[in-house]
Amino acid sequence: MAFREKLAWVSVLVTAGVFLTYGLSLASPALAHALGGTARTRLVGAVFVEILLATIMTIVIAVTAPKEANAPRDEREQAIAARSAAFAYGLIASLLWMVMAAGVFLGADGMSLGLACLAVLVAGEIARFTCQIIAYRRGA
Amino acid sequence: MAITNRIRLLRQASDGMTQQALADRVGVTRQTIVAIEQGKYGPSLETAFRIARALGAGLEEVFGFEG
C-alpha cells in the first residue's frame, strides 16, 4: 500500500471514529454521561483527540517508511490530491448552502448551526480522503 | 487509454530493472510506475522523458499513441 494511501486511511478512520462518537454523544445521554462534560467541552475534546490520534498514527507510519515519508508527492499523488480536494470542495460548498438555508428559513440557533457546519467540514474531510483511497485502490 | 507503452518490456530487457529501481531513477513512487505500465495513469511529458532516459531508449520507443 502506498505511503500516502496509508495516511488517507488514518485520516478517514480517525476523523470518522472521533466525530461519529461525538455525534452519538449528542444523541445518547448514556454515551454523553460516559464521556463526561458538556457538548461544548466534548467538542473540544474530540478535536484534541482527533489531532492526537492522527499525529501519533502518522508518526508510526512514517517511522516504518522513512524514505517515502521524506519524499515529496510525485505528480500522480499530486493529481490524486487535487482531484480529491476539488470533489470535497464541491461537497462542502453544496452542504453549506443547505446549512445557510436552514439557518435563514428555519431559524436554527447558533449551536445547531455550529454543529451543522462542523458536520459539513467532517463530511468534506472524509470525502476528500475517501476519494484519495479510491484513486489509490484503483491504481489510477 | 490512447497512449500505450513498452515500459515493462524495456525494463526487463535492461538487466531486469525493477519497478522500484526505475521509480527511483525517475523520481516517482513505485506505485506510479505500476499505474503507468498498466495504462491507468498518463505521465507528464517531463516524466515520460525521464522514463525514456532511464530505460536508455527514445521517447517513441517507450510510448506509443493509438488514435
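**Notes on the predicted model**

1. Helix 3 of chain A (residues 39-64) has 26 residues, which at 1.5 Å a residue should span 38 Å; its end C-alpha atoms lie 37 Å apart, so the two values agree. The expected span is 1.5 Å times one less than the number of residues. Helices are DSSP runs of H or I with at least four residues, strands are runs of E with at least two, and both are numbered from the N terminus.

2. This is a predicted model: local features need pLDDT of at least 70, side-chain atom pairs count only at pLDDT 80 or more, and totals for chains, interfaces and linings use all residues. Residues are numbered from 1 along each chain as its sequence is written, chains are lettered from A and ligands numbered from 1 in the order written, and side-chain values use heavy atoms, with hydrogens and water left out.

3. Arg42(A), Ala46(A), Glu50(A) and Ile61(A) of helix 3 are buried (under 20% relative accessible area, 1.4 Å probe, protein chains only). The buried residues of this helix pack against helix 1 (3-27) and helix 2 (29-35) of chain A.

4. Chain A contains six helices and zero strands. Buried residues make up 30% of its 140 residues.

Note on methods: Buried < 20%, exposed > 50% of the residue type's maximum accessible area, 1.4 Å probe, protein only. Contact = heavy atoms within 4.5 Å.
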